[in-house]
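I opened this notebook to record, entry by entry, what I looked up in one structure.

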Amino acid sequence: MTILSVQSTIFSRASVVLLSSNGLKRFSFASSFSSNAVYSSPLPKMKKRRYPIVSAVDIGGVTIARNDVVRDDDPTNNVPDSIFSKLGMQLHRRDKHPIGIIKNGIYEYFDSNYAKKFEKFEDLSPIVSTKQNFDDVLVPADHVSRSLNDTYYVDPQTVLRCHTSAHQAELLRKGHRRFLVTGDVYRRDSIDATHYPVFHQMEGFCIFSPEDWNDSGIDSTLYAAEDLKKCLEGLARHLFGAVEMRWVDTYFPFTNPSFELEIYFKEDWLEVLGCGVTEQVILKQSGLDNNVAWAFGLGLERLAMVLFDIPDIRLFWSSDERFTSQFGKGELGVKFKPFSKYPPCYKDISFWISDSFTENNFCDVVRGIAGDLVEEVKLIDNFTNKKGMTSHCYRIVFRSMERSLTDEEVNDLQSKVRDEVQRKLNVELR
Ligand code: DAH
């Protein structure tokens, strides 16, 4: 099993591809739990749908209507129903779910090791402004993460947050100084066992005043960097026990210096978080010129896949009892026992692409139709003919975690994919 590419962070050096460089590809950065969803009745006289359309979701007591987030009238809007339905799920707030268990384990570490407690936020709306998501944390105007190919836009000024760093500046402005923000984050991405367009992050932020570092004999930046490393090494040991770890220098727009922490796991180095000393400009925006701060962002799915031995990121969204019953409140690191998988079904689709074609757009179409029944989308053939036309052939792997799919059902999904791809993506089927 390779889990080295599980989503955790973006913005690190590997992903700094500028929009202007025409390099829009960025693959190398970091159920039906329906209690919060309000379902409308199935649409009359339409072909049978696999999933009911969710008409509204509840996020921390606020009802968000589908029409506010999935908008046909705005050409910028690229939020499909499959993503909207995830908005109120809040897996991180379920004490018996691996994501909630990991979160509680991290809380425990901070509560028992820090006398100056960290405030906790886990209910902030994932619908944020582009200012919060990008500008406030100094993401350059031409950074690839701002593209429609990478981020879900509600309208030109509003996105589904692609990282929990989106809340740093806002919380600072409101007077918070030491906090942990946990939440669901959204990124358009390819489809496989380690990539899912919704996952969970925790952001940590800690500020220091001159009296903290004055007696240390070292300058404020070094003081914060050392404190940060000590804190996160302790957290890794709390979660993983006596593990080997190493620090790697990297780049994030919002920190300087910036680091990634890697742990040695199953004979490989695995990046588990990004962090650094907060850029002074961010503090200055809140009148905190005389302070220094550190921040980190970690991917909860990545940690949970390692800790619980969970082989497929889609399992986190499964309501199959064979999955859910294996985890209990406070049981950090119980090993997941795989249950027999249902058979996969492979379908290929080939088409001539146009200049505007992107793999993320294709994946969104497939996921929009097949939801969690799609396990993987793989490019298996790619060539350009003498006329300069480029053909792509994708293999789609359909598989349910909960039952055997029938031929009829898969053929029906594939035929819908063919129709939609042609209609939405301006490609010519072969
Ligand atoms: N927001 C980054 C990401 O999603 C992760 C991160 C890196 C958060 C460094 C931080 C930080 O607060 O200091 O890729």
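**Entry 1: a glycine in a loop**

I began with the word "buried", which I apply to a residue with under 20% relative accessible area, while exposed means over 50% and partly exposed lies in between (1.4 Å probe, protein chains only). I noted that this is a predicted model, in which local features need pLDDT of at least 70 and side-chain atom pairs count only at pLDDT 80 or more, whereas totals for chains, interfaces and linings use all residues. I also noted that residues are numbered from 1 along each chain as its sequence is written, and that side-chain values use heavy atoms, with hydrogens and water left out.

Is Gly 371 buried or exposed? I found that Gly 371 counts as buried, because its relative accessibility is 10%. I located Gly 371 in the loop between α11 (359-370) and β15 (374-384), where the helices (H or I, at least four residues) and strands (E, at least two) are DSSP runs, numbered from the N terminus. I then looked up Ser 82, which is 289 residues from Gly 371 along the chain, and found that their C-alpha atoms are separated by 6.6 Å.

**Entry 2**

I next followed β15 into its sheet, taking two strands as paired if DSSP finds at least two bridges between them. This open sheet has four strands in the order β15-β16-β14-β17, with antiparallel pairing. The edges are β15 and β17 (428-429), and each has a single partner strand, so one side of each is left without a neighbour in the sheet. Strand β14 (residues 345-352) pairs with β17 in the antiparallel sense over two bridges, and I wrote down Leu 429 in β17 as the bridge partner of Phe 351.

Helix α11 touches β14, β15 and β16 (390-398), and its direction makes about 140° with that of β15. Helix α12 (residues 407-425) touches β14, β16 and β17, and its direction makes about 20° with that of β14.

**Entry 3: the sheet of seven strands**

In which order do the strands of the open sheet of seven stand? I read the order as β4-β8-β9-β13-β12-β11-β10, with mixed pairing. At the edges I found β4 (119-121) and β10 (245-252), each with a single partner strand, so one side of each is left without a neighbour in the sheet. The twist averages 25° from one strand to the next.

Strand β11 (residues 255-265) pairs with β12 in the antiparallel sense over nine bridges, and Leu 261 has Leu 273 in β12 as its bridge partner. These two strands form a hairpin with two residues between them, and Lys 266 in the turn has a positive phi of about 50°. Strand β13 (residues 292-299) runs antiparallel to β12, joined by five bridges, with Gly 274 opposite Gly 297 in β13.

**Entry 4: aromatic rings**

For rings of Phe, Tyr and Trp (its six-membered ring), I count a pair if the centres lie within 6.5 Å; planes under 30 degrees apart are stacked, over 60 edge-to-face, and the rest tilted. The structure holds 26 aromatic pairs. One of them joins Tyr 114 and Phe 118 edge-to-face, at 5.3 Å centre to centre and 85° between the planes, and both residues are buried. Phe 252 and Phe 254 have ring centres 5.7 Å apart and planes at 15°, so this pair is stacked.

**Entry 5: an arginine in a loop**

I ended with Arg 146, in the loop between α4 (130-133) and β6 (153-155), which is buried with a relative accessible area of 16%. Its side chain makes a polar contact with the side chain of Asp 135 (2.7 Å); such a contact is a pair of N or O atoms within 3.5 Å, where within protein one must be able to donate a hydrogen and the other to accept it, and residues adjacent in sequence count only if both atoms are side-chain atoms. The side chain of Arg 146 also reaches the backbone oxygen of Val 139 at 2.6 Å.

Methods:
Axes fitted to C-alpha atoms, helices over the stretch in contact; angles between N-to-C directions. Contact = heavy atoms within 4.5 Å.
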